[in-house]
Amino acid sequence: MSTLEKQYAEELNARLAEWQTGSLEPPARFADMRTLIAVTIAFPLVALIVGWFL
């Protein structure tokens with residue numbers, strides 16, 4: 001194998017090991033989703049309620 005193929009194989013093995021250990025991403029938490037929930041659910045709901053009475 002050429003040097004480039006060896007480097008590629010080593011890098012691939014290292015990334016596969018990282019992926020298998022689960023160290024690439026921290027686990028998702030509800031606190032991380034607050035902004036998304038506020039933008040997609042809470043703000044439109046408030047706008048509907050306010051709009052109903054205007």
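Glu-11 and Arg-15 both lie in helix H1, which covers residues 3–21. Four residues separate Glu-11 from Arg-15, about one turn of the helix. Helices (H or I, at least four residues) and strands (E, at least two) are DSSP runs, numbered from the N terminus. The model is predicted: local features need pLDDT of at least 70, side-chain atom pairs count only at pLDDT 80 or more, and totals for chains, interfaces and linings use all residues. Residues are numbered from 1 along each chain as its sequence is written, and side-chain values use heavy atoms, with hydrogens and water left out.

Glu-11 and Arg-15 form a salt bridge, with their closest N and O atoms 2.8 Å apart. A salt bridge is a side-chain nitrogen of Lys or Arg within 4 Å of a carboxyl oxygen of Asp or Glu. Side chains of opposite charge can pair when their charged atoms come close. Glu-11 counts as partly exposed because its relative accessibility is 40%. Arg-15, at 54%, counts as exposed. Here buried means under 20% relative accessible area, exposed over 50%, and partly exposed in between (1.4 Å probe, protein chains only).

The search of the whole structure finds two salt bridges. Asp-32 and Arg-29 also meet through their side chains in a salt bridge, at 3.1 Å from N to O. Asp-32 is partly exposed at 45%. Arg-29 has 51% relative accessibility, so it counts as exposed.

Phe-30, Met-33, Leu-36, Ile-37 and Ile-41 make a nonpolar surface patch of about 480 Å². Patches are made of residues with over 30% relative accessible area and no salt bridge; like charges are joined within 9 Å, and nonpolar side chains (Val, Leu, Ile, Met, Phe, Trp, Tyr) within 5 Å. Areas come from the Shrake-Rupley method with a 1.4 Å probe, and for residues only the protein chains shown count as cover. Met-33 sits in the loop between H1 and helix H2 (34–53). Met-33 is partly exposed, with a relative accessible area of 35%.

The chain has two helices and zero strands. The radius of gyration of the chain is 23 Å, whereas a compact globule of 54 residues would have one near 10 Å. This radius is taken over C-alpha atoms, and the globule rule is 2.2 Å times the number of residues to the power 0.38. The C-alpha atoms fill a box of roughly 75 × 20 × 10 Å along the principal axes. Buried residues make up 0% of the 54 residues.
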